[in-house]
Amino acid sequence: VNIARKKRIPDTRVHCCLYFISPTGHSLRPLDLEFMKHLSKVVNIIPVIAKADTMTLEEKSEFKQRVRKELEVNGIEFYPQKEFDEDLEDKTENDKIRQESMPFAVVGSDKEYQVNGKRVLGRKTPWGIIEVENLNHCEFALLRDFVIRTHLQDLKEVTHNIHYETYRAKRLNDNGGLPPGEGLLGTVLPPVPATPCPTAE
């Protein structure tokens with residue numbers, strides 16, 4: 001009997017959740033805090049301030065600081081998590097991201113405009129064009145590079161080694177596959193016992 005198996009099983013796990021925050025300029029809503037508290041336990045969260053062009057530069061800076069403080073006070077960990085920094089170089093790089101970039105403040109648009117002879121994505125306002133990929137206007141380019149270029153592999157590894165293993169250990173414990181107290185992170189999990197096939201009498 002020939003059994004056709006996929007040579008490569010696609011990874012359908014979610015490695016990253018971009019959590020968009022309303023640009024209120026005040027504080028996070030209780031609903032946002034509650035959602036992020038639950039999500040941070042099962043997926044890598046990257047907080048993002050949407051429609052950042054509705055705030056002045058000073059308002060944006062103050063709001064970003066306030067969001068970081070509220071997340072810390074409420075025990076909500078966002079990616080990159082401090083405890084997963086592997087060495088001093090990682091810690092230095094990620095500390096800069098955590099303290100300066102997070103949450104990323106972005107502006108979105110699917111319309112193109114002519115700026116200095118180039119076609120750029122942007123939003124047209126009475127006082128000019130806000131360019132999506134211009135770092136002086138928006139942090140979209142930083143967010144894109146962070147997720148796709150510099151930290152993509154690490155996002156996958158944290159998902160596999162932390163979030164998935166935590167979920168797997170919990171399911172095994174819930175199903176009685178492990179003795180009480182086992183299955184914590186860092187331990188080798190035994191295989192799930194196979195169900196014996198019924199025999200013909």
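Student: Which residues form the negative surface patch?
Tutor: This is a predicted model. In it, Glu86, Asp87, Glu89, Glu93 and Glu157 form a negative surface patch.

Student: Take Glu86. Where is Glu86 found?
Tutor: Glu86 sits in the loop between α2 (57-73) and α3 (88-101).

Student: And why does Glu86 count as exposed?
Tutor: Because its relative accessibility is 64%, and exposed means over 50%.

Student: Now Lys64. Which helix is Lys64 in?
Tutor: Lys64 belongs to helix α2.

Student: Buried or exposed, that Lys64?
Tutor: Lys64 counts as buried, because its relative accessibility is 5%. The cut-off for buried is under 20%.

Student: What does Lys64 touch?
Tutor: Leaving out residues up to four places away in sequence, Lys64 touches Ile49, Glu100, Ser101, Met102, Pro103 and Glu139.

Student: Switching to the whole chain. How many helices and strands does the chain have?
Tutor: Five helices and six strands. Along the sequence they follow the pattern β-α-β-α-α-β-β-β-β-α-α.

Student: What share of the residues counts as buried?
Tutor: The chain has 201 residues, and 33% of them count as buried.

Student: What about the accessible surface of the chain?
Tutor: It comes to about 14100 Å², and 55% of that belongs to carbon and sulfur atoms.

Student: Last one, contacts. What percentage join residues at least 24 apart?
Tutor: 62%, counted among contacts in the chain between residues at least 6 apart in sequence.

Note on methods
Residues numbered from 1 in each chain as written. Predicted model: local features only at pLDDT ≥ 70, side-chain atom pairs only at ≥ 80, totals over all residues. Heavy atoms only, no water. Patch = residues over 30% accessible without salt bridge, like charges linked within 9 Å, V, L, I, M, F, W, Y side chains within 5 Å. Areas by Shrake-Rupley, 256 points an atom, 1.4 Å probe, with all protein chains shown as cover. Salt bridge = Lys/Arg side-chain N within 4 Å of Asp/Glu carboxyl O. Lys, Arg positive; Asp, Glu negative; His and termini not counted. Charge placed at Lys NZ, Arg CZ, Asp CG, Glu CD. Helix = DSSP H or I, 4+ residues; strand = E, 2+ residues; numbered from the N terminus. Buried < 20%, exposed > 50% of the residue type's maximum accessible area, 1.4 Å probe, protein only. Contact = heavy atoms within 4.5 Å.
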